[in-house]
Amino acid sequence: PSVFRSRDKLYPEYVPAYLPHREEQLKNLATYFRPLLVEPGSISQRVLLVGSIGTGKTVTAKRFGSDFKQLARQRGINLEYVHVNCHRDRTLYLVVQEIARQLRIPIPPRGLSAQEMFHIILKYLENRDMYVILTLDEFDYFIEVAGNDAVYFLVRTYDEHSEYTKRISFIFISRSLTSLSRLDSATESYLVRNIINFKPYASRELYDILKYRSSEAFYEGTVGDDVLSYIAELVGADTGGSGNARLALEILLLAGQEADKEGAPRVTIEHVRRAFTQTNPDISVMVNDALPHLPLHELLILLAIVRTLQRSGEPYVRIGEVEAEYHHICEEYGETPRRHTQVYEYVMDLKRRSIIETRLSGKGYRGKSTLIGISVGPLDLLEKRIREIIEYKRE
Ligand code: ADP
């Protein structure tokens with residue numbers, strides 16, 4: 001038995017039908033490329049998608065390409081969408097070869113330059129009355145390796161060869177505008193005319209994305225909203241994360257695999273902690289390195305946090321519950337508990353060291369209180385390690 005209905009729906013290469021919170025970008029693309037439907041061949045459009053990793057640039061371009069192709073065909077326009085990843089194909093030669101491969105254009109095996117191959121492609125499109133939207137993804141690599149002349153050659157083709165109908169339009173995808181500054185200003189100005197920005201996702205947006213993608217990937221009732229909002233908060237740009245949807249989906253996938261590994265019927269918060277640690281191994285190294293340096297009572301408080309979290313099964317617990325558990329643990333060890341203000345100091349120190357996260361309670365919790373969470377897992381390993389160091393310090 002598995003919690004997954006279809007885990008490939010979480011893979012990075014899957015292109016879902018809907019893209020929550022990218023409606024604006026899709027609409028802008030449609031506007032820029034509208035002339036291709038109205039008067040095909042009139043322009044060679046160029047649009048630049050800019051945003052950090054995991055902001056949905058690739059998936060948006062692919063969704064758009066495939067929808068736009070349908071739209072064109074309905075109007076009797078023979079249009080193909082071609083997506084080339086320049087991280088893999090970094091030279092003009094490789095890119096042109098890849099375009100030919102995807103369009104199934106036969107190219108003589110040897111002896112042709114990239115430029116000659118490109119003209120074969122242009123003639124082929126001419127002969128078949130075809131149009132192409134060509135996406136050059138991770139274009140930063142192409143700029144770096146292929147260089148200015150290669151970029152110039154691609155984007156200025158139709159200026160140099162007015163005998164051709166304008167059959168290829170471009171979508172460029174880049175992490176940032178700074179990599180374009182390697183180009184000479186004339187070439188650069190060709191690329192930056194139409195820019196569509198992709199901002200890192202906020203946790204509310206990631207929640208919607210995870211909700212939708214999980215409904216495709218998991219059986220109903222195996223992933224709760226608490227799990228989805230916890231991942232969304234770990235990754236959301238407004239809650240201290242990078243806003244990277246790829247990371248959020250990877251954590252969700254790994255958390256599901258953790259659930260399967262132990263035959264659990266549902267994905268839990270604890271599965272998310274383990275998944276998060278797998279995507280970010282440095283963090284558990286850092287936590288483990290920090291533990292031996294903490295004062296005894298700070299460790300006892302950390303142990304109280306771990307135990308309260310384990311018992312609740314929730315992403316966060318209230319500082320009041322932690323303090324009660326801390327008193328309990330002090331009794332076990334025969335230690336005199338520190339006062340509330342000192343407890344609070346220790347909690348703040350744990351936060352400064354990024355061992356715990358804190359936030360103020362909001363919806364779902366009564367009253368205003370400090371909430372405490374730990375994103376590294378598994379918690380039982382952490383508990384074991386803390387206990388060892390406590391024993392050692394008490395000797
Ligand atoms: P980028 O190209 O900006 O690095 P991707 O387009 O590769 O980002 O997106 C990363 C992952 O997140 C992919 O699995 C993609 O399907 C998913 N994703 C990104 N944005 C959305 C969205 N709005 N809705 C659904 N899935 C998304």
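1. Proline 378 is placed in the loop that runs between strand S8 (370-373) and helix H17 (379-394), where helices (H or I, at least four residues) and strands (E, at least two) are DSSP runs numbered from the N terminus. The peptide bond leading from glycine 377 into proline 378 is cis, with omega near 0°.

2. This is a predicted model, in which local features need pLDDT of at least 70 and side-chain atom pairs count only at pLDDT 80 or more, while totals for chains, interfaces and linings use all residues. Residues are numbered from 1 along each chain as its sequence is written, and side-chain values use heavy atoms, with hydrogens and water left out.

3. Histidine 21, in the segment before helix H1 (23-38), is a residue other than glycine with a positive phi, near 70°. Most residues other than glycine have a negative phi, and most peptide bonds are trans.

4. Domain 1 (23-198) and domain 2 (201-279) both contribute residues to the shell around the ligand, so the ligand lies between them; the domain bounds come from an automatic or database domain assignment.

5. As for polar contacts (pairs of N or O atoms within 3.5 Å; within protein, one must be able to donate a hydrogen and the other to accept it, and residues adjacent in sequence count only if both atoms are side-chain atoms), a backbone N or O atom of proline 20 lies 2.8 Å from a ligand nitrogen. A side-chain N or O atom of lysine 57 is 2.7 Å from an oxygen atom of the ligand, and a polar side-chain atom of tyrosine 201 lies 2.7 Å from a ligand nitrogen.
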